[in-house]
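This report covers aromatic ring contacts and charges placed over ring faces. The structure is shown first.

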Amino acid sequence: MGWGNIYRRRMKVFTVALIIYLDYKALQQREKWSSKSKRSALWERAHERNAKRLLNLIVELEGLWVKLGQYLSTRADVLPEAYINLLKQLQDSLPPRPLKEIYRTVEKELGKSVDDLFSSFVDTPLATASIAQVHRATLRSGQDVVVKIQHEGIKAVILEDLKNAKSIVDWIAWAEPQYDFNPMIDEWCKEAPKELDFNIEAENTRKVSSNLGCKNKNNVMSENQVDVLIPEVIQSTEKVLILEYMDGIRLNDSESLKAFGIDKQKLVEEITRAYAHQIYIDGFFNGDPHPGNFLVSKEPPHHPILLDFGLTKSLSSSMKQALAKMFLASAEGDHVALLSALSEMGLRLRLDLPDQAMEVTTVFFRSSTPASEALENMRSLSEHRTKNMKIIQEKMKLNKKEVKRFNPVDAFPGDIVIFTRVLNLLRGLSSIMDVRIIYLDIMRPFAESVLQGYINNGPAVNSQWVCDTPVHSDVETKLRRFLVELGNDDKILGIQVCAYKDGEVIIDTAAGMLGRYDPRPVQPDSLFPVFSVTKGITAGMIHWLVDKGKLKLGENIANIWPEFGSNRKEVIKVHHVLTHTSGLHNALADLPRENPLLICDWDECLHRIAMSVPENEPGHEQLYHYLSFGWLCGGIIEHASGKKFQEILEEAFIHPLQIEGELYIGIPPGVESRLATLTVDTDDVRKLSLYSNRPDLPSGFTSNISELVTVLPALFNTLNVRRAIIPAANGHCSARALARYYATLADGGILPPHSSSFKPLLGSHPHMPSFPSQKTSKKQKGDKINNMAAAPDKVNTHKQQHTDDICCSIKGRSDNRCGFFHDSGGSSSTENGESTISNNGNTVGSTENGDDSPQSDTKIFSNPRIHDAFLGVGEFENSGFPSGQFGLGFKVYRSKDGSLLGFGHSGMGGSTGYCDINNKFSIAVTVNKMSLGAVTGKIIQFVCSELNLPVPADYARFSDSENPEELSNVWRPLIN
């Protein structure tokens with residue numbers, strides 16, 4: 001192609017594009033002055049004339065523009081009817097190429113003339129497409145074939161068209177920034193040239209045919225087997241492809257489809273199933289499913305025939321999993337899984353909009369609509385987009401001009417571009433065929449099977465089941481073998497174990513999968529929901545305030561929290577809450593039944609706690625405050641310190657212990673990809689009836705224990721709950737962060753050395769992840785954009801509206817407290833400099849706005865008798881509850897002979913943190929398959945035995961016995 005032709009071709013493209021753009025912009029202004037009755041006619045005429053302009057340009061230029069026209073012609077679900085009616089002509093055939101050119105190419109490529117190769121060759125082509133022309137022929141052997149011959153000079157044309165298309169997309173992105181199609185055109189520029197080598201297409205055809213089992217049909221169809229036909233490849237060169245001939249009906253031949261009695265609904269459903277198989281099971285799919293690439297066999301049962309595999313896409317295992325996870329997250333409305341899937345596939349957003357991300361994904365996988373509903377569908381999509389952009393405008397505080405130029409997507413992975421194209425083409429196909437396809441039903445089994453296939457790969461068949469991290473000790477080597485045994489018995493889905501001895505890390509092991517539908521391997525820095533393990537963290541915060549002189553254990557709560565003093569609670573003291581003797585054990589027990597999501601509303605829960613009525617006198621009876629404990633402590637912490645709960649958590653423990661990014665009570669946006677998902681051990685659930693009469697548990701808990709254990713995982717997997725502050729039950733942490741916390745407590749508050757053997761390094765994640773900033777032109781880099789980037793970094797006060805209102809709002813409220821506040825995203829500080837990390841990684845200084853002297857960088861508690869305070873013994877005996885299960889906020893652990901060993905806290909389902917203060921030993925176990933705690937008990941038994949340490953009686957009880965009396969002892973760690 002000479003420069004003169006290139007220039008003329010380019011000028012034609014840009015001229016038509018500009019004319020169409022200006023036509024619509026002028027119409028937008030004109031309709032403002034037109035009556036409503038005339039507007040519809042104005043738009044229809046505009047669509048007709050611009051569709052003609054586009055069609056004439058495509059027919060004249062051919063090349064890549066034909067593919068664009070074919071794609072647009074399938075989008076009857078979103079494009080005006082005028083475009084569909086005109087552009088669908090491109091699905092049939094273009095003007096044929098001269099026979100001399102065809103014969104010349106065949107002889108050049110195959111080394112023989114057409115007459116030598118074929119006993120017959122039909123001069124009239126079956127079809128002429130953008131890249132090639134197809135003729136029917138008969139080989140000398142007598143086999144009927146089709147011959148696909150590439151147009152001469154088409155390579156130069158396609159490459160030039162790609163450049164022009166890229167330029168137009170750049171121009172549109174500049175003129176209308178909300179329509180930035182650069183990720184799509186970039187991926188097309190990468191993939192389209194592959195269509196020009198028919199050897200590649202031949203190999204693609206063989207591969208897809210083999211994957212779909214087209215040549216090995218069984219009489220018995222498996223659940224995910226598909227019933228389609230693909231022509232066999234006979235011979236190929238770079239520019240000629242010879243395929244088996246299959247006699248079929250074109251999809252746009254409505255009369256023939258009707259005459260042969262073909263069920264169009266069943267036909268399109270089977271085509272959709274074939275693509276679901278290619279995407280989710282094979283990870284290798286045809287990227288060009290426009291109507292011209294399908295036939296229907298004339299012989300019953302009328303199989304779909306799949307053609308043209310020039311444009312294909314190969315997916316990595318991780319991308320295949322992420323796409324399956326995204327699909328299922330959309331189907332289930334699971335925000336956490338969706339955000340995790342987007343992160344895994346490399347799709348990065350510039351701000352936190354989980355609800356909008358879910359809405360867009362749901363629209364993406366929505367059921368298809370017939371062409372007759374196109375106008376209504378377009379209007380609906382436009383309304384959705386306008387609503388979402390308004391939310392972005394309000395959240396980012398942008399004016400109308402700025403929001404128009406704001407793109408919420410920071411990175412759009414190329415793999416998704418072809419995937420998106422395929423789904424849109426399939427949707428257009430169903431519209432043209434006038435059928436309604438429910439993608440969530442058809443594609444779901446394929447998405448589920450790919451994830452389940454990975455998850456079923458337990459340790460027996462998966463050598464990577466245990467995460468390949470450094471081994472710290474012989475005990476850890478033996479523990480890993482023990483975990484494999486438990487995994488083979490299906491007792492573990494995902495698990496982390498970390499232990500310290502004498503201030504040194506001796507175990508840091510992760511194994512298994514992150515969730516039932518999340519086959520990614522558990523890593524040492526994965527975040528597990530740990531339920532009541534959270535209480536041990538919250539109790540530690542109370543003790544930290546006492547140690548700093550901000551609070552007294554014997555102080556009446558009403559003195560620091562006046563609202564709390566109502567309804568006979570004026571004599572309840574801080575230590576009554578810590579020992580679970582306040583009489584408020586059933587407070588808020590009705591909340592989950594009234595509205596489970598109310599537990600996300602921090603202010604409402606604090607108010608209800610303040611208004612609650614005790615059931616007995618404080619200090620008389622120890623009954624586990626399974627839900628109320630957290631808000632009681634949370635209210636005390638905030639009123640005593642004058643700061644937010646999260647500020648105290650970070651100041652007291654997160655920054656001093658250097659565990660940023662691995663311990664939260666209420667997760668921030670941006671960590672979803674590291675979250676483990678809860679599931680239930682169904683075998684253990686069946687045993688729950690044995691434990692409904694525990695005398696040490698409140699009636700509000702035991703009366704519906706089975707319901708709680710089965711419902712809570714689903715509730716606590718939701719994004720709103722994960723982000724909420726629920727200080728009794730909503731901790732998310734890694735085992736190594738939890739073990740470091742208890743190692744510090746075991747040594748009286750002295751920080752253990754920060755181990756460099758952690759992989760990745762503990763504390764290396766930003767505690768509050770930041771979102772990528774918006775790329776802007778120089779013209780836009782003003783104060784508004786700078787403020788927009790800085791807004792998430794502000795630490796909220798009680799009077800400030802939380803920046804996460806949109807994500808955590810419940811019943812339309814905008815004043816709910818979620819479990820995070822934003823900082824700069826680094827590992828260093830809160831805004832007022834309460835804690836910083838020095839260059840050598842040590843924690844320095846806590847000033848609390850200058851009120852206190854600097855804190856030691858090696859010790860977080862100054863009280864030499866802090867263990868007595870935790871246990872409620874010695875000089876703190878009057879504050880404790882003699883012979884109770886709980887000390888002052890912590891579960892007390894004893895040996896079988898009654899000797900005091902240490903303290904800790906377990907959570908529902910089995911996650912546990914524990915320390916032996918006599919032997920300076922701590923261990924943390926996090927699990928996502930909730931059980932009665934037997935796995936955790938056996939692990940702690942195993943480790944303690946290997947180290948010749950006494951085993952706490954609570955864990956020594958675990959055995960494989962099925963005796964109900966023995967099993968009743970297994971229950972305690974689960975509840976605590």
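A charge counts as sitting over a ring if NZ of Lys or CZ of Arg is within 6 Å of the ring centre and within 35 degrees of the ring normal. In this predicted model, Lys891 lies over the face of Tyr893, 4.8 Å from the ring centre. Arg136 is placed likewise over the face of Tyr245, at 3.9 Å from the ring centre.

Ring-to-ring contacts come next. With ring centres required to lie within 6.5 Å, the count comes to 21 aromatic pairs. One of them joins Phe861 and Phe870: the planes stand at 80°, so the pair is edge-to-face. Tyr914 and Tyr955 also form an edge-to-face pair.

| Pair | Centre to centre | Angle between planes |
|---|---|---|
| Phe861 and Phe870 | 5.6 Å | 80° |
| Tyr914 and Tyr955 | 6.4 Å | 65° |

The tyrosine pair links distant parts of the chain, 41 residues apart: Tyr914 belongs to strand β25 (residues 912-916) and Tyr955 to helix α36 (residues 953-956). Tyr914 has a relative accessible area of 0% and is therefore buried. Tyr955 is buried too, with a relative accessible area of 0%.

For the phenylalanine pair, Phe861 counts as buried because its relative accessibility is 2%. Phe870, at a relative accessible area of 1%, is buried as well.

Which aromatic cluster do Phe861 and Phe870 belong to? These two residues form one cluster together with Phe653, Tyr741, Tyr742, Phe890 and Phe903.

Terms used:
Residues are numbered from 1 along each chain as its sequence is written. This is a predicted model: local features need pLDDT of at least 70, side-chain atom pairs count only at pLDDT 80 or more; totals for chains, interfaces and linings use all residues. Side-chain values use heavy atoms; hydrogens and water are left out. Rings of Phe, Tyr and Trp (its six-membered ring) pair if their centres lie within 6.5 Å; planes under 30 degrees apart count as stacked, over 60 as edge-to-face and the rest as tilted. Buried means under 20% relative accessible area, exposed over 50%, partly exposed in between (1.4 Å probe, protein chains only). Helices (H or I, at least four residues) and strands (E, at least two) are DSSP runs, numbered from the N terminus.
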